[in-house]
Amino acid sequence: MALQHLIYVSTARKELSNAELETLLESCVRYNLQNDISGVLLYGPGCFIQVLEGEAAAVGETYQRILDDPRHHNLIEIIREDIEQRSFANWRMGFTRLDAAAIRNHPGFTDIYGPDFQPKRLAGQPALAMNMLLTFRENCR
Ligand code: FAD
């Protein structure tokens, strides 16, 4: 079975507290360990950007559960494709809450986030989305 990655962007239904994000992440890590999914989740003002990596079937099943999750909506699949190897193998779900300082300090984030950021701006821009996620890998370990 092919290894795939899937990147999507979504809009949070409401601002999530740190406690709510912790609960969410605990469930991500638990499920992702079971399903051999790796990846990164960025939570910026009002939106999520996530990459899921794993066997194609596991990525598809995980994404279906994420699609049905009422904590967010307006999911836009940016890319789903076969990959040779994982880019985030060490993370069962790396996470960063992007505050104003993180966005200001890292060009990979600044390129896309701004005061008028709209998640749909990432649609059709897989390279830009991947760049943001790689910025996490380089700076937010
Ligand atoms: P259950 O835990 O049985 O929950 C039932 C329903 O309630 C589901 O629709 C669930 O989404 C929803 N739900 C659960 N907790 C809450 C809550 N606190 N508030 C509101 N609704 C709730 N799952 C993964 O396995 N891997 C991931 O990488 C992953 N990333 C995610 C990223 C984002 C941005 C979001 C919002 C969710 C993510 N999830 C991820 C969680 C996923 O959506 C499911 O909640 C989880 O996989 C459990 O699925 P379940 O069918 O067992 O639901």
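**Notebook: the ligand and its pocket**

I began with Tyr 31, where a polar side-chain atom lies 2.4 Å from an oxygen atom of the ligand. I note here that the model is predicted. On its own the ligand has 900 Å² of accessible area, and the protein covers 67% of that.

In the side chain of Arg 65, an N or O atom is 2.5 Å from an oxygen atom of the ligand. For Arg 71, I found a polar side-chain atom 3.3 Å from an oxygen atom of the ligand. I count both as polar contacts, because the cut-off for a pair of N or O atoms is 3.5 Å.

Then I listed the shell. There are 19 residues around the ligand, and those that come nearest are Tyr 31, Asn 32, Gln 50, Arg 65 and Asp 69. I sorted the shell by class and got ten nonpolar, five polar and four charged residues.

Which elements each supply at least two residues of this shell? I found α1 (18-35), β3 (47-55) and α2 (56-67). The element that gives the most is α1, with five residues.

Where does the ligand sit? I found it in the largest pocket. I looked up the space in that pocket, which is about 290 Å³. Its lining is made of 16 residues, and Leu 24, Cys 28, Ile 66, Asp 69 and Arg 71 are the closest to the pocket centre. Two or more lining residues come from each of α1, β3 and α2. I noted that α1 has the largest share of the lining, at five residues. By class, I recorded eight nonpolar, five polar and three charged residues in the lining.

Last, I compared my two lists. Asp 69 is among the residues that come nearest to the ligand, and Asp 69 is also among the lining residues closest to the centre of the largest pocket. I also see that α1 gives the most to the shell and has the largest share of the pocket lining.

Conventions:
Residues are numbered from 1 along each chain as its sequence is written. This is a predicted model: local features need pLDDT of at least 70, side-chain atom pairs count only at pLDDT 80 or more; totals for chains, interfaces and linings use all residues. Side-chain values use heavy atoms; hydrogens and water are left out. A residue is near a molecule or strand if one of its heavy atoms lies within 4 Å of it. A polar contact is a pair of N or O atoms within 3.5 Å; within protein, one must be able to donate a hydrogen and the other to accept it, and residues adjacent in sequence count only if both atoms are side-chain atoms. Accessible areas come from the Shrake-Rupley method with a 1.4 Å probe; for residues, only the protein chains shown count as cover. On a 1 Å grid over the protein atoms alone, a cavity is a set of points where a 1.4 Å probe fits but cannot get out, and a pocket is an open set with protein on both sides within 12 Å along at least five of seven lines; lining residues have an atom within 4 Å of a point. A molecule sits in a cavity or pocket if more than half of its atoms lie within 2 Å of its grid points. Helices (H or I, at least four residues) and strands (E, at least two) are DSSP runs, numbered from the N terminus. Ala, Val, Leu, Ile, Met, Phe, Trp, Tyr, Cys and Pro count as nonpolar, Asp, Glu, Lys and Arg as charged, and the others, Gly among them, as polar. Grid points are joined across faces, edges and corners, and a volume is the space filled by probe spheres set on the points.
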